[in-house]
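Please keep the sequence and the coordinates open while reading.

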Amino acid sequence: GSSVSAYVQWTTTGFGLTQWFRIYVYFTANPAANHDILQTRGDSSTRSRLRITTAGKVAVVNGSTVAATSSASIGLNQWVRIEYKLDISSSAGVLEAKLFNTPDSSTADETITASSLNTGTTETTNVRIGLPFAAANVGPLWLDDLEANNTGYPGPAATDATATPSTIAAVAGV
């Protein structure tokens, strides 16, 4: 397919210097190229990214530099929950991701943290979830129960994480 961007976006001010995010993802195979599923921006430039690698690993990216990568891989053909934290600081910034292959679990399969980073000095003004950068031949990929907040890790959504995308489509009549 063609190389395109496709994402949902929050544009905000007053979001604070610490933000938390939740994404449920469903991949049928590991991506053919590294795939950023979340991007935060401030001062018109990319501040951080949450990435799924070609090996199915979760990576946190500071600007354009990979800061940490998980040992565990995402589960395929199932819903997976990833929670992400961004602390903004010019010298003590933190990027943290929690992988939940059992999506409604309260215990992460793995937590990766990168600290002492320069993640900027001003609040995030823009959050993009989906395909924030143009990519070709991605998917299939489903996203659900997105959340962005400035109060803490969201935890599991109050939904049925056992439903498959085809079940959801059948229920919705698509």
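## Salt bridges: rule and network

A salt bridge here is a side-chain nitrogen of Lys or Arg within 4 Å of a carboxyl oxygen of Asp or Glu. By this rule, D36, R49 and R51 are linked in a network. The count for the protein comes to five salt bridges. Side chains of opposite charge can pair when their charged atoms come close.

## Basis of the values

The model is predicted: local features need pLDDT of at least 70, side-chain atom pairs count only at pLDDT 80 or more, and totals for chains, interfaces and linings use all residues. Residues are numbered from 1 along each chain as its sequence is written, and side-chain values use heavy atoms, with hydrogens and water left out.

## Overall composition

The protein has 11 strands and one helix, where helices (H or I, at least four residues) and strands (E, at least two) are DSSP runs numbered from the N terminus. Along the sequence the order is β-β-β-β-β-β-β-β-β-β-β-α.

Of the 174 residues, 47% are buried; buried means under 20% relative accessible area, exposed over 50%, and partly exposed in between (1.4 Å probe, protein chains only). The protein exposes about 7,900 Å², and carbon and sulfur atoms supply 49% of that area. Accessible areas come from the Shrake-Rupley method with a 1.4 Å probe, and for residues only the protein chains shown count as cover. Among contacts (heavy atoms within 4.5 Å) with a separation of 6 or more, 66% are between residues 24 or more positions apart.

## Individual salt bridges

R22 and E147 meet through their side chains in a salt bridge, at 3.5 Å from N to O. R22 lies in strand β2 (residues 18-27) and E147 in strand β11 (residues 141-149), so this pair ties together parts that are 125 residues apart in sequence. R22 is buried, at 7% relative accessible area, whereas E147 is partly exposed at 26%.

D36 forms a salt bridge with R49, and the closest N and O atoms are 3.2 Å apart. Because D36 is in strand β3 (residues 35-42) and R49 in strand β4 (residues 45-52), the pair ties together parts that are 13 residues apart in sequence. D36 counts as buried at 8% relative accessibility, and R49 is buried at 14%. R81 forms a salt bridge with E83, with the closest N and O atoms 2.9 Å apart. R81 is buried at 1% relative accessibility, and E83 is buried at 2%.

Strand β8 (residues 93-100) is mostly covered, with seven of its eight residues buried. Strands pair if DSSP finds at least two bridges between them. Strand β7 (residues 79-87) runs antiparallel to β8 and is joined to it by seven bridges; a hairpin connects the two strands through five residues. In this pairing, L86 stands opposite L95 of β8.

β8 also pairs with β9, in the antiparallel sense and over six bridges. The bridge partner of A97 in β9 is I112. In a regular strand the side chains alternate between the two faces of the sheet.

## Surroundings of Y84

Y84 is in strand β7 and is buried, with a relative accessible area of 0%. The side chains of Y84 and S48 are joined by a polar contact of 2.8 Å. A polar contact is a pair of N or O atoms within 3.5 Å; within protein, one must be able to donate a hydrogen and the other to accept it, and residues adjacent in sequence count only if both atoms are side-chain atoms.

Leaving aside residues up to four places away in sequence, Y84 touches residues including W20, F21, L38, R49, L50, V60, L95, A97 and Y153. The C-alpha atoms of Y84 and K98 are 6.4 Å apart, and these residues are 14 apart in sequence.

Where is T124 found? T124 is in the loop between β9 (110-117) and β10 (126-135). T124 counts as buried, at 0% relative accessibility.

A polar contact of 2.7 Å joins the T124 side chain to that of Q19. Not counting residues up to four places away in sequence, T124 touches T12, F15, G16, Q19, T40, R41, R47, L86 and I88. Q19 is also among the residues touched by Y84.
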